[in-house]
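Hi,

Here is the structure I promised to pass on. Have a look at it first, and my notes on the side chains follow below.

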Amino acid sequence: MLINLRTLLYNAALRNGYNFVVRNFRCGQPLQNKVQLKGRDLLTLKNFTGEEIKYMLWLSADLKFRIKQKGEYLPLLQGKSLGMIFEKRSTRTRLSTETGFALLGGHPCFLTTQDIHLGVNESLTDTARVLSSMTDAVLARVYKQSDLDILAKEASIPIVNGLSDLYHPIQILADYLTLQEHYGSLKGLTLSWIGDGNNILHSIMMSAAKFGMHLQAATPKGYEPDPSITKLAEQYAKENGTKLLLTNDPLEAACGGNVLITDTWISMGQEEEKKKRLQAFQGYQVTMKTAKVAASDWTFLHCLPRKPEEVDDEVFYSPQSLVFPEAENRKWTIMAVMVSLLTDYAPQLQKLKF
């Protein structure tokens, strides 16, 4: 009864022109929003404009503020279900998605390779149509990006990329939210990637320039990013007036960088290449020697899990390391993705500065 009375009083105040402001949180009418993502797929950030990506980050901050800081209950996904297809195991992707979707009132359903074999026991087309009839969205963590493309083509519900061989967009959203929280803005930052030319780097290449961020990436010879992705990233950099540097020298990539970033050298499915990769990546460990050539306000990101050969303890556990806030932000950003694709909710928090 108390909640209903508050709602009635609140709505009455709004009708009479009142607007409530608590710190940075606007509790009145939703701010004007021209971005509409409902019904879209999230397969790669290549398909989203800078404003659309910023909107998802704004929504992430809004949900984090309202739920974590204000203690509000927001059942925005009540009555909705999510199919979660995991060909690859994961700690952060599974926990963030399951707990986040449930926190918003929805029901996540976890499916492993023992439950569903994409394109094996049933065609991808048939799987997409069955899932479309029983769930409101699907998050799929798969080996092949092409499987996601087929699911998206055949499904009538949003398909979200939880990771593929080419892209990991939901990780990058968490990274950007973490950097926005730390620096207050993303424009003008230099991201220094030191590691494999993998799905994480590809997702950064498809989005950093849209925020006005520069990218300096060092990869060993033979482990460079996909040429077609590089070509598009060069186009984005030219359009947005940002710098894109691709090199085989880790210190060149780190020079002047605000954010030092690395990732696993050996992804799931590459175990047979371990010996070869460890040899190829010699000299790519992020250490304080790397940080010495970075900007004075440098920070460090790693999507986890981390191996000591990728980054030493001194950097990983340093005050400059943002890896654990980065991990937590996986939850708030995937919640924002689901809310933006499945509802008409608009953020109440004042728009972030990017």
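Which residue lies over the face of F48? R40 does, at 4.3 Å from the ring centre. For a charge to sit over a ring, NZ of Lys or CZ of Arg has to be within 6 Å of the ring centre and within 35 degrees of the ring normal. R94 lies over the face of F110 too, at 3.6 Å from the ring centre.

Before you read on: this is a predicted model, with pLDDT of at least 70 needed for local features and 80 or more for side-chain atom pairs, while totals for chains, interfaces and linings use all residues. Residues are numbered from 1 along each chain as its sequence is written, and side-chain values use heavy atoms, leaving out hydrogens and water.

Now the rings. The whole structure holds nine aromatic pairs (Phe, Tyr or Trp, the last by its six-membered ring, with centres within 6.5 Å; stacked under 30 degrees between planes, edge-to-face over 60, tilted for the rest). One of them is W265 with F281, stacked at 5.3 Å centre to centre and 20° between the planes. These two are 16 residues apart and link distant parts of the chain. Ring pairs also join W265 and F281 with Y223 and Y284 in a cluster. W265 is buried at 3% relative accessible area, and F281 is buried at 0% (buried is under 20%, exposed over 50%, partly exposed in between, with a 1.4 Å probe and protein chains only).

As for cysteines, there are zero disulfides (cysteine sulfur atoms within 2.5 Å). C109 is partly exposed at 35%, as is C255 at 47%.

Enjoy exploring!

Note on methods. Helix = DSSP H or I, 4+ residues; strand = E, 2+ residues; numbered from the N terminus.
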